[in-house]
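Subject: Structure for your files

Hello,

Here is the structure I said I would pass on. My notes on it follow below.

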Amino acid sequence: MKKVFGLIAVVALLVSATLLTKNGLQVGDTAPDFRLKNVDGKMISLADFEEAKGFVINFTCNTCPFAVMYEERVAKLQDQLEAKGYPVINIMPNDISMKPGDSFENMQKRAKEVGYKYYLIDAEQEVFKKYGAEKTPHIYLLDKELMVKYIGAIDDNAQDADGVTQNYVMDAIAAVEAGKNPDPNFTKAIGCSIKVKQ
């Protein structure tokens, strides 16, 4: 009997450890779709993009210095990748009571300034939690079936666009296009922590 209880305890510990270490989506998981308001007032979901070959989901905001440093690069990615069939969907996950600069009105202004086509507000803070995003910016590359192929940073130099030696997102998409798995398929996202409503 003691052996049985001991075995149950070990299994329980292993399950707990798995739950603790798995926070949100992992590479190979199927990402959930969502329906969020874009800066143009329209509700957007991934199902709307019937011709898409995949998606770049970018959790970002107006107020994080790292997100701001990446704005121009993200706008360029948007232009490059939309033509290839990979819409860049920017999602603002912060609690605006903690970060008023990330209000919907300020998102609309910033989208116009930067040139973001899709800049959605995760007003209920549900989507970023399902995905497991922790930083702004934080990237999730999905294929057509919404399978996660890459998670992490946009490239290897948050401070200086001219100093980038590896563009993780573009390399990951090139791998997917070639029918291969991205390598690396995970990098550490560099940015500000997402502000969660208490």
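From the N terminus on, the elements run α-β-β-β-α-β-α-β-α-β-β-β-α-β. That makes 5 helices and 9 strands, where helices (H or I, at least four residues) and strands (E, at least two) are DSSP runs numbered from the N terminus.

The model is predicted: local features need pLDDT of at least 70 and side-chain atom pairs count only at pLDDT 80 or more, while totals for chains, interfaces and linings use all residues. Residues are numbered from 1 along each chain as its sequence is written, and side-chain values use heavy atoms, with hydrogens and water left out.

Overall figures

Of the 198 residues, 46% count as buried; buried means under 20% relative accessible area, exposed over 50%, and partly exposed in between, with a 1.4 Å probe and protein chains only. Among contacts (heavy atoms within 4.5 Å) between residues at least 6 apart in sequence, 75% join residues at least 24 apart.

Cysteines

A search of the whole structure finds 1 disulfide, defined as a pair of cysteine sulfur atoms within 2.5 Å. C64 and C192 form it, with their sulfur atoms 2.2 Å apart. The link is right-handed, with 80° about the S-S bond. It joins distant parts of the chain: C64 sits in the loop between β3 (54-59) and α2 (65-84), and C192 in strand β9 (residues 192-193), 128 residues apart. Both C64 and C192 are buried. C61 is in no disulfide; the nearest cysteine sulfur, that of C64, is 5.1 Å away. C61 is also buried, with a relative accessible area of 2%.

Y86

Y86 lies in the loop between α2 and β4 (88-92). This tyrosine is buried, at a relative accessible area of 2%. Leaving aside residues up to four places away in sequence, Y86 touches K53, G54, F55, L81, L141, I173, V176 and E177. Y86 and V56 are 30 residues apart in sequence, yet 6.5 Å apart in space, C-alpha to C-alpha.

Largest pocket

The largest pocket holds about 270 Å³ of space. A pocket here is an open set of points on a 1 Å grid over the protein atoms alone, where a 1.4 Å probe fits, with protein on both sides within 12 Å along at least five of seven lines; lining residues have an atom within 4 Å of a point. Of the 16 residues that line the largest pocket, G132, E134, H138, I151 and F186 are the closest to its centre.

Regards

Definitions and conventions: Grid points are joined across faces, edges and corners, and a volume is the space filled by probe spheres set on the points.
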